[in-house]
Every structure is written in structure tokens, then in C-alpha cells.
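Please walk through this model, moving from local contacts to the overall fold.

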Amino acid sequence: MKEIRRKSLLYKSGVEYADYCINHVEGCSHGCRYPCYAMMMKKRCGVIKDYNDWVKPKIVINALELLDKEIPRLKDKIKVVHLSFTTDPFMYKQPEVADLTLKIIEKLNRAGIRCTVLTKGIYPKELTDKNRFSRDNEYAITLVSLSDKFHQQFEPGASPYRQRIKSLKYLHDKGLKTWISMEPYPTMNLVEQDLSGILNEIRFADKIIFGKLNYNIKASSFQNNKEFYDERAKEVISFCQKNKIDYHIKYGTQATEDRSTEEIFRQDDMVSSYPEPVYIQV
Ligand code: SF4
């Protein structure tokens, strides 16, 4: 894997209620074609050339060094660190990325900083090691379908759905807090699927976030877009209430917004605003 060096790693989100984040890889071999918001931003800023460039990730080789300098300076200000918004911390079949991610989480936890982690990869079992990782971390997967066809078309490099769920369930069974990001949920003209079937597979999770698909012409032009998302959001709410699962519906998904659940997922909106990290190609 190619390497880059950066001048800084930990950054505060531009959103006032969010906290700190780390993106220790540039690009992502999952190559999501919803499209990927992070890829669009990087392209717009001239950091990457195109999709082919994006799917060849570059690891931040001095990430741990940077953390050693930044943790003492920022420690008292940080409540939680999120990995990651513009890449995937447990990128499927990229052991170098997973290895670095584990070292980063361990370093942060040893400094008393807890982490939230979101992936479309597979969680390693090491995360249950109480001597290395905090029990206060939260682990999440993105899951918007169980269809192999959808996977091939829209998340070609990401982990298979069943394996992804299984690795999260493992962490849950070991007493760790787990949640699901059902975002960006596709419209029916992209994939015909049964939402209740997906929800049943993830009923063990502590929290679910549900959100619509943006930036996709086919989804936006879907005739019943508004009604479709409003109905699906209601289905998620009813499922979560019945099964005593916390939930949050992302803004713009439902006809009527409910801000009372915002606190549960106060970090999700961070993706909408992130500064460009300073980096040097090596
Ligand atoms: S996993 Fe996330 S960062 Fe990676 S390509 Fe997909 S949407 Fe983009």
C-alpha cells in the first residue's frame, strides 16, 4: 500500500456539537458507488484525480508519531474520537489498515480517550481484549441491504453483509456497545428489498440510525421518494420502539423531523463538514 505523511491527524469537526475525528488513510478500497461523499469532496478539493485513484488507499505512515504529539496537547478537550469519516478504519482485506487502526484505538484508550468506530469491513476479535481496549468504545457497521447484487454494484470492495454482521454481533455478545448505520438507504428503483428482513438481522444492536440516499440521481428522481422514506422511517421507529433499541432518523429523511433523538447520535452529522488535512506525499 502506498504511504503518505501528514502534518496533523486529530481534528475537530466543523459541526459545533461533534467532537474529534481521525482519518488515517487517504482513499478507500470499498469504492462505494452510491456515490461516496468523501470521494466527491476529495475530488472537488483536488486531493484525488478520480475513482481509480480513490480505490487505491494510501496509509498515513506517521499516524502514531503524530498521535504521540497531539494527545498530550488535546487530551483534556477531547470527549470522544470517531474513526473515520473520509475512509474506512477496517477496510476489507487491507490488513495494514486494520493493524494501524487497532494501534490508534489502543493509544487513544490508554490515554483515557474513548472511540466510536464505523466500518463496512470486518471487526477483528482483538477488540474484546480488555487489557488493550476500553469497554467504553462503540462499534458500528453500515448496513443498507442484504442483497448480493446491490453489494456488487454499490459496495464492490466492502465486506460481505453476513460476515460484517457476524463480526459486530461477536463484539455485542462480548458485552461491547454496537450500533448500525442504515445510511444511505436505497430507494426501490435501485434495489427491491424488504426492510423488515434487514432489521431482523440486526435486532441485537443498541442503536440504529436511518437516513436517505442523497447525491444519487436515480434515487432523487424516484417518483415516490418522499413517501418511500417517510414510510421506511416509520417502520424503523416502530421496530426500534418494539425492541427497545435507540434510534435516530437523519434530517431530511422523514416528512416531520424529530430532533429529540439527536443526542443519541450526535456524531453522525460530522461527515457533512470536515477540513482538509495537511499532508505530504512520500
Ligand atoms: S466505505 Fe465509506 S469511505 Fe469507503 S468508499 Fe464507501 S462510503 Fe466511501
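Pro 35 touches Met 40, Tyr 215 and Asn 216, leaving out residues up to four places away in sequence; two residues are in contact if their C-beta atoms, placed from the backbone, lie within 7 Å. Pro 35 sits in the loop between strand S4 (25-26) and helix H1 (37-44). Helices (H or I, at least four residues) and strands (E, at least two) are DSSP runs, numbered from the N terminus. With 17 other C-beta atoms within 10 Å, Pro 35 is partly exposed: a residue is buried if 20 or more other C-beta atoms lie within 10 Å of its own, exposed if 12 or fewer, and partly exposed in between, with C-beta atoms placed from the backbone. The C-alpha atoms of Pro 35 and Glu 155 are separated by 9.6 Å, although the two residues are 120 apart along the chain.

The model is predicted: local features need pLDDT of at least 70, side-chain atom pairs count only at pLDDT 80 or more, and totals for chains, interfaces and linings use all residues. Residues are numbered from 1 along each chain as its sequence is written.

The ligand is surrounded by Cys 28, His 30, Gly 31, Cys 32, Cys 36, Ala 38, Met 39, Thr 87, Asp 88, Lys 120 and Ala 158. A residue is near a molecule if its C-beta atom, placed from the backbone, lies within 6 Å of it. By class, this shell has six nonpolar, three polar and two charged residues; Ala, Val, Leu, Ile, Met, Phe, Trp, Tyr, Cys and Pro count as nonpolar, Asp, Glu, Lys and Arg as charged, and the others, Gly among them, as polar.

The loop between strand S6 (80-83) and helix H4 (95-110) contains Ser 84. A cis peptide bond joins Leu 83 and Ser 84, with omega about -5 degrees. Lys 93 is in the loop between S6 and H4, and its phi is near 60 degrees, a positive value in a residue other than glycine. Lys 93 counts as exposed because it has 12 C-beta neighbours inside 10 Å. Most residues other than glycine have a negative phi, and most peptide bonds are trans.

Two further sites belong to this topic. The peptide bond from Glu 183 to Pro 184 is cis, with omega near 5 degrees, and Pro 184 is placed in strand S9 (residues 177-185). Lys 244 has a positive phi near 55 degrees and lies in the loop between helix H9 (225-243) and strand S11 (246-249). Having 7 C-beta neighbours inside 10 Å, Lys 244 counts as exposed. Phe 239, in helix H9, counts as buried because it has 20 C-beta neighbours inside 10 Å. The C-alpha atoms of Phe 239 and Asn 200, 39 residues apart along the chain, are separated by 9.0 Å.

How do helices H3 and H4 meet, and at what angle do their axes cross? The axes of helix H3 (residues 63-74) and H4 come within 10 Å and cross at roughly 10 degrees. H3 is therefore roughly parallel to H4. Axes are lines fitted to C-alpha atoms, for helices over the stretch in contact, and angles run from 0 to 180 degrees between N-to-C directions; those under 35 degrees count as roughly parallel, over 145 as roughly antiparallel, 65 to 115 as roughly perpendicular and the rest as oblique. From H3, Ala 63, Leu 64 and Leu 67 meet Leu 100, Lys 103, Ile 104 and Lys 107 of H4. This contact has five nonpolar, no polar and two charged residues.

Helix H3 also holds Glu 70, which is partly exposed, with 17 other C-beta atoms within 10 Å. Setting aside neighbours within four places in sequence, Glu 70 is in contact with Leu 9 and Leu 10.

Among contacts between residues at least 6 apart in sequence, 80% join residues at least 24 apart. The largest nonpolar core has 69 residues, and Val 81, Leu 143, Ile 180, Ile 208 and Phe 210 touch the most other members. Such a core is a set of buried Ala, Val, Leu, Ile, Met, Phe, Trp, Tyr and Cys residues joined through C-beta atoms within 7 Å. Not counting residues up to four places away in sequence, Ile 208 touches Trp 179, Ile 180, Met 182, Val 236, Cys 240, Ile 245 and Tyr 247.
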